[in-house]
Amino acid sequence: MVEAKSKIKESFVDRIFLTFVYVFLILVLITVLYPLIYIVSASLSSPDAVSSGRVWLYPVELSFKGYEVIFNNPQVVTGYLNSLFYTFFGTIISVTLTVLIAYPLSRKTFFGRSFLMIFIVFTMLFYGGLIPTYLVVQSLGMIDTRWALLIPNAIAVWQVIIARTFFQTSIPDELVEASEIDGCSDIRFLWSVVLPLAKPIIAVLVLMYAVGQWNAYFDALIYLKSPDLHPLQLVLRNIIILNTGSAEMDASEMLERQQLANLMKYSLIVAASLPVMLIYPFVQRHFVKGMMIGSVKG
């Protein structure tokens with residue numbers, strides 16, 4: 001005889017508490033979701049509707065003028081290709097260097113790891129400044145080259161700490177000792193054992209570095225002079241500046257330019273965010289798992 005499963009009856013206080021929790025989560029969802037909906041709706045509305053504040057939830061006077069101005073500019077395609085290049089190769093370089101630094105620092109047998117970790121964390125707390133950094137990049141001959149966006153900021157200390165913590169908690173010392181007994185070299189162990197087990201943290205690193213590379217524009221503004229090397233973010237910034245009215249225009253033309261510039265801000269946000277939003281669902285599962293590193297598990 002199969003006994004019916006008995007359901008635990010919730011008290012009145014518990015139901016009140018859960019009601020407040022659900023209401024709070026719904027409010028949080030609305031707070032996060034509404035700006036996204038508004039940006040998409042504004043990008044599909046007419047310049048006059050956006051400037052007059054008539055857009056609230058859905059597009060008003062459906063128009064693709066903002067996207068037409070953006071994608072009719074040949075520099076946008078070049079900017080997209082450059083950003084894809086910087087994001088792809090920059091992420092590979094950053095993830096590779098981060099793993100090569102974090103894994104040795106996670107091993108107790110690595111001599112001087114605490115001393116090196118102090119120096120690494122020190123760079124996160126104290127920064128040399130913009131001018132010394134520019135002089136270093138200039139002395140290395142990377143000004144107005146693609147390397148200026150790939151090498152100077154290739155490693156982030158916070159990502160190194162996250163990866164180091166993952167390796168410490170997920171790669172047991174017994175596994176390392178067993179591989180040494182079998183005659184496995186450190187490089188072979190890292191490639192054949194550590195990396196297959198480190199897929200969650202690699203996904204986290206890829207997402208962090210890729211988003212950072214895709215959204216970066218300040219380094220390009222400083223180090224790059226040739227328009228053919230500009231990433232998408234810098235190209236979009238220049239488009240907004242060029243479509244802003246100047247004192248030499250008459251009032252009607254200046255108003256039209258200002259309305260178009262306001263519309264383009266939303267269109268540029270959608271155009272620049274779309275690739276990241278398309279990639280995120282594929283790495284979200286590993287991202288959530290990787291971000292739970294160090295948490296208390298029941």
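A nonpolar core is taken here as a set of buried Ala, Val, Leu, Ile, Met, Phe, Trp, Tyr and Cys residues joined through side-chain atoms within 4.5 Å. Buried means under 20% relative accessible area, exposed means over 50%, and partly exposed lies in between (1.4 Å probe, protein chains only). The model is predicted, with local features requiring pLDDT of at least 70 and side-chain atom pairs counted only at pLDDT 80 or more, whereas totals for chains, interfaces and linings use all residues. Residues are numbered from 1 along each chain as its sequence is written, and side-chain values use heavy atoms, with hydrogens and water left out.

The secondary structure of the protein consists of 14 helices and zero strands. Helices (H or I, at least four residues) and strands (E, at least two) are DSSP runs, numbered from the N terminus. Of the 298 residues, 33% count as buried. Contact denotes heavy atoms within 4.5 Å. Among the contacts with a separation of 6 or more, 70% are accounted for by residues 24 or more positions apart.

The largest nonpolar core has 20 residues, and those with the most contacts inside it are Val55, Ile70, Val76, Tyr80, Leu232, Leu236 and Ile239. Two or more residues are given to this core by each of α1 (12–43), α2 (47–51), α4, α13 (232–242) and α14 (251–291). Helix α14 supplies the largest share, six residues. Tyr80 is in contact with Phe71, Trp214, Leu232, Ala271, Ala272 and Pro275, leaving aside its neighbours within four places in sequence. A second, separate core of 19 residues includes Val95, Phe167, Leu190 and Leu205. In soluble globular proteins, nonpolar side chains tend to be buried together.

Two helix pairs involving α4 were examined. Axes are lines fitted to C-alpha atoms, for helices over the stretch in contact, and angles run from 0 to 180 degrees between N-to-C directions. Angles under 35 degrees count as roughly parallel, over 145 as roughly antiparallel, 65 to 115 as roughly perpendicular and the rest as oblique. The axes of helix α4 (residues 74–106) and helix α5 (residues 113–125) come within 9 Å and cross at roughly 140 degrees, which makes α4 oblique to α5. Their crossing is left-handed, a term used if the near helix is turned anticlockwise from the far one by less than a right angle, with right-handed used if clockwise. On the α4 side, Ile101, Leu105 and Ser106 meet Arg113, Leu116, Met117 and Ile120 of α5. By class, this contact has five nonpolar, one polar and one charged residues. For these classes, Ala, Val, Leu, Ile, Met, Phe, Trp, Tyr, Cys and Pro count as nonpolar, Asp, Glu, Lys and Arg as charged, and the others, Gly among them, as polar.

The axes of α4 and helix α10 (residues 186–197) come within 13 Å and cross at roughly 95 degrees, and the two helices are therefore roughly perpendicular to each other. Val99, Leu100 and Tyr103 in α4 meet Phe189, Leu190, Val194 and Leu195 in α10. The residues of this contact divide into seven nonpolar, no polar and no charged. Leu195 counts as partly exposed, at 22% relative accessibility. Beyond its neighbours within four places in sequence, Leu195 is in contact with Val99, Leu190 and Ile202. The C-alpha atoms of Leu195 and Phe167, 28 residues apart along the chain, are separated by 10.0 Å.

Two further helical positions are buried. Gln213, in helix α11 (residues 199–215), counts as buried at 14% relative accessibility. Not counting residues up to four places away in sequence, Gln213 touches Tyr86, Thr87, Gly90 and Leu149. Leu260 lies in helix α14 and counts as buried at 10% relative accessibility. Leu260 and Pro47 are 213 residues apart in sequence but 5.5 Å apart in space, C-alpha to C-alpha.

Backbone angles were also examined. Most residues other than glycine have a negative phi, and most peptide bonds are trans. Glu61, in the loop between α2 and α3 (65–71), has a positive phi near 55 degrees. At 46% relative accessibility, Glu61 counts as partly exposed. Asp144, found in the loop between α6 (130–139) and α7 (147–150), has a positive phi of about 60 degrees although it is not a glycine. Asp144 counts as partly exposed, at 28% relative accessibility.
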